[in-house]
Amino acid sequence: MHRFVAAVFRLVIGLVSGWWTRFCLRFRSPSTICTVTIGPGKLRGVTVTAKGYHYFKGIRYAEPPIGDLRFKPPVPLKTFSQPVVDCFVEGNRCIQYDQILKVLIGSEDGLFLNVYTPALPDDKQQPNLPVMVYIHGGGFKCGSGDAFLYDPVFFVQRRVVIVTFNYRLGPLGFLYLPEAGIEGNAGLKDQLMALRWVNENIAQFGGDPQCVTLFGESAGAKAAFLHYLSPVSRQYFHRVICQSGVACSDFALQVEPTLKARKLAECVGYTGSSDTEALESLMNAPAEQLIKHQLHTLHESERYQELQFPFRPVVEADKPGAVLTRHPQDALRSTFTPPIPIITGCNSGEGIMAYANAKNHLNAYNDQPDRLLPPWLDVPATIRTEVALQVKGFYFGEEPVSRRTLMPLLDLLSDNEYVTATLTAAELMARHQPLVPHYAYYFTFDGRFGNLKQLLNLSDLPGVSHGDDVFYMFHSALNATLEKDADEHQVRDAVVTMWTNFARHGNPTPAESDKNHVTWEPVKPCDAVRPVVTVKQGKLRGITATLPNGTQYHYFKGIPYAEPPVGALRFKAPVALQRFRKPIVDCYAERSNAVQKDFFSDRVSGSESCLYLNVFSPRLPGEADVTKGVPKRPVIVFIHGGGFMNGTGSSLFYNPEYFVQEDVVMVTINYRLGPLGFLCLPEAGIEGNAGLKDQLMALRWVNENIAQFGGDPENVTLMGESAGSFSSYLHMLSPNSRKYIHRVICQSGVAFTDSFFQVEPVEKARKLARFFGYTGDSDQGALETLEQVPAHLLAKHQNEVISEGEKKLALIFIFRPVIEQQQTDDSIITQNPQEILKTYDTLRLPLLEGCNNGEGILALRTLGSRWQSFLKSPERLVPVLLSSKVQNLDRAQVGQELKRFYFGDRPLSADQTVNRMCDLLSDNTFITNSVTSAEWIAKYQPNAPHYHYRFTFDGRFSMLKRLFQQSNVAGACHGDDLFYMFNPCFLPKVSDDSDEVRVRQILIALWTSFAKHGNPSVDVPTDLVPEKWTPVRKIARDATDFDLDCLEINAAPRMVINPGGDRIRLWRRLLKQYRSDYL
């Protein structure tokens, strides 16, 4: 406690002393004055004779950002308002809420900088000293460049010119409302303005504008890193030091910045929906109110973070004056010219600052393990709990989070907030910036200058707190007075020496220095191979990586395959991309997902510019191979599911490594979702199915380019699950699509009936337009309204158009495919699928298709406890397939029949009831459709081989079932088959001899055999699948009976006939009775 009291005492004394000095200097000039003339005018500074340096404090470097300039980029100051400006004390701080004193301080007029120099030029010499420009930290919401914390005397003593400055903070510095002309990052642009000022004027203070080091701590380090990545900023500095902060992930960026700005406007009284009017309210509000309410704008995902920074940098539109126009990770994977040396590092106890808040609710980590996940990880809601438990197990083992597990908690908080991001940035630079000298450090000296740890009253904790390294560089009023030979002084001397060496030489321990006790070696570049492939649109640079079996493969992620469907292209069919916009496109990571509403949280994410695909290849043409010539391998194009409302082709879920190990080229894609992908207004020129047409465009791209990745364009298998399976089935039926595919795999979804298609699509579109304020009756007017609505709002409010009939369904897919009115070059489906399937011998593509035996678990999850109401109203048990367009069907009677069949007349246990309900929902939503489709193909398509399966394995990779909290229900959940094929990072570790691994081997062997040969049983080891998978037998068109040949897939696969036979016979009888045209 005594350290805390002593630190508080020094704080109070320092504040009083600083105030008194400022007060005196405003009325009495210093005894020794120096003068400098720069562009805007003349400055008078102070010469500190005893220490041999000069300082000029409170230099205005831009026009005051007030009035009409609020939120805007800074405006250069052309002329000072006085003939001579006295620069004896710091200028105003930018307005902020002081984190230590807990009071509002500062002014909106706060753009001032301070210069400290050991020598001014004169008639005899121009010193040309190295310059170091320091950006203060404070989470972009507080802080200043004042000497109270950042007195650079120790740097100046080593013949370096130091510049510190203020920049706008919080909403005043980082508000983002592009629709109203506020492009964001005003605070970063203040920093850029200060750098320009240094470039133009620092020579007058003895500094060399061609030897400038930008350095910062915490938010200042992140800002410095963003400038390091910015072509606009890089021209003004030559080295960078980032202390406890890098910007290489979404955590450095503002969450939902436009929504934050609107929410802030609401906080100051605005109630409308116009961004322009919202900005007007914010312009008129007192600055104090904006600062006061900034924490009220936090996004839901930020509210449980230990460190909360609401207003941060954003990725801007690529316009003149923009600082950050690309995601930091994209920028990091580009080539920098010239390479700028950089130092990055962290302290050993970064998490101490977060712990100051976390210690008040430690048990919350046990009740809500999701809170252990860092925001930069951006784990989808579907797997957050699973990943969180893995993280908790790694750090804490079986122990609960408590004061007894303090050390692992500090490690976790340190890693979450700073360390992992710093290591990630280091790895990315090592891989993608091999020419950049990068020096990494870890600061571990926990001494008596640890002022922040003392002020937090956490001195008993081990490690160096976030921010405490600063006190071993700068002189501060907070520092204790210590003996001359104290270790603290030696550490400070070492740090300042290395920092100034780096500023002078680009190396912290140069050979010419006589004070080196150690040679600081730079990070070694990775020997990463960056393969380049040339496709029709230009060049792509990928990554060479290692498969689980140790062999190499190549991936190219985030390949644009169409023009961005934005602006005038919204809702329209995709437009082919003729040329890439860059000479070489870096394809190291997936790019934006489609705009979508999360299945679990209703959070909207993604971008309208989303048409990207990913290619994974075991070998590129020209690489060493045992075969002769150019290798051509079978290709699988995978379409993700998600009810046409959400989903992604990202390798986070669909990492296809096990397919690639079997010598298959894999392609995964994104396509438009929800209203952006499936709005239909034919009278206004919107035919619908834009999302399906995106998929078709991707197939065309594959046909044109896949040979350059070693794939065979004449052997392409289209594969999908759920909505992706429905899509694949429709492409199989489509003449426009069939020319690009040669086999089809449909997992849990066939689109063969009119009940599959979008309900009242035109009325849905009109209803959506009315929701957003359209009052007319013209479809063109409705379209124009929807074209102006922000994309995220279209996704957010799509549920507003659900029809009354749809509200009663177990599964609701709002915007989905439609039957188009006209056959065009990019139409997908213009006939009812029933007509196509029953047109004799029109389909020749081999089909592998089937379901999971617990498909209904998905409907149980979406219904929650409401599924029990189906038993009380049995008419709701009747599926759309049976009741659609049927005049003579008594829904109550049929519902009672279904209830008796599935549940019997005797009471059942709770587990029995839910399992029977799962069977019914499985049949209603997926299985009956699948079986009926199989019968039609057997009758009417004699030359279309069809292999049918039923997946029944429920193991430790069955992630969705556990996520849905339905582990008590028997069967393999909808979607869980995918986790036995793909290799997402969140799967639990199991032994190689486990059933889970065996089932994966079985599925991969069957699926890749089908992709290679059109037959899933070729060269499949009999120890995996003892029986040959025989296709569904063909029957006569007038046959009345049908037996379904099926491979039951689990750890011991076997052929069966009519899986769930009684249930199949029930539905065939009902269909014959009420839909005689079907069978």
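This is a predicted model: local features need pLDDT of at least 70, side-chain atom pairs count only at pLDDT 80 or more; totals for chains, interfaces and linings use all residues.
Local features rest on pLDDT of at least 70 and side-chain atom pairs on pLDDT 80 or more, while totals for chains, interfaces and linings use all residues. Residues are numbered from 1 along each chain as its sequence is written, and side-chain values use heavy atoms, with hydrogens and water left out.

The protein chain is divided into domain 1 (3-343), domain 2 (532-716 + 763-830) and domain 3 (848-867 + 897-1075). These bounds come from an automatic or database domain assignment. The centres of domain 1 and domain 3, taken over C-alpha atoms, are 61 Å apart.

An open sheet of 11 strands runs in the order 16-17-21-23-22-24-25-26-27-28-29. Its pairing is mixed. Strand 16 (543-546) and strand 29 (1054-1057) form the edges; each has a single partner strand, so one side of each lacks a neighbour in the sheet. The twist averages 25 degrees from one strand to the next. Strands (E, at least two residues) and helices (H or I, at least four) are DSSP runs, numbered from the N terminus. Two strands pair if DSSP finds at least two bridges between them. Strand 26 (residues 847-852) and strand 27 (residues 946-951) pair in the parallel sense over six bridges. Tyr 947 in strand 27 is the bridge partner of Leu 848.

Helix 20 (residues 690-705) lies across strands including strand 17 (552-560) and strand 21 (612-617), and runs at about 165 degrees to strand 22. Helix 21 (residues 723-733) lies across strand 22, strand 24, strand 25 (743-747) and strand 26, at about 130 degrees to strand 24. Axes are lines fitted to C-alpha atoms, for helices over the stretch in contact (heavy atoms within 4.5 Å). Angles run from 0 to 180 degrees between N-to-C directions.

Burial was then examined. Buried means under 20% relative accessible area (1.4 Å probe, protein chains only). In helix 6 (residues 219-229), 11 of the 11 residues are buried. Lys 222 and His 227 are among them. Glu 935 is in helix 31 (residues 910-940). Glu 935 counts as buried because its relative accessibility is 1%. Beyond its neighbours within four places in sequence, Glu 935 contacts Ile 1035, Phe 1042, Arg 1068 and Leu 1079.

The whole structure holds zero disulfides (cysteine sulfur atoms within 2.5 Å). For Cys 746, the nearest cysteine sulfur, that of Cys 851, is 10 Å away. For Cys 1046, the nearest cysteine sulfur is also that of Cys 851, at 9.3 Å. Cys 746 is buried at 0% relative accessibility, and Cys 1046 is buried with a relative accessible area of 0%.

Key:
Buried means under 20% relative accessible area, exposed over 50%, partly exposed in between (1.4 Å probe, protein chains only).
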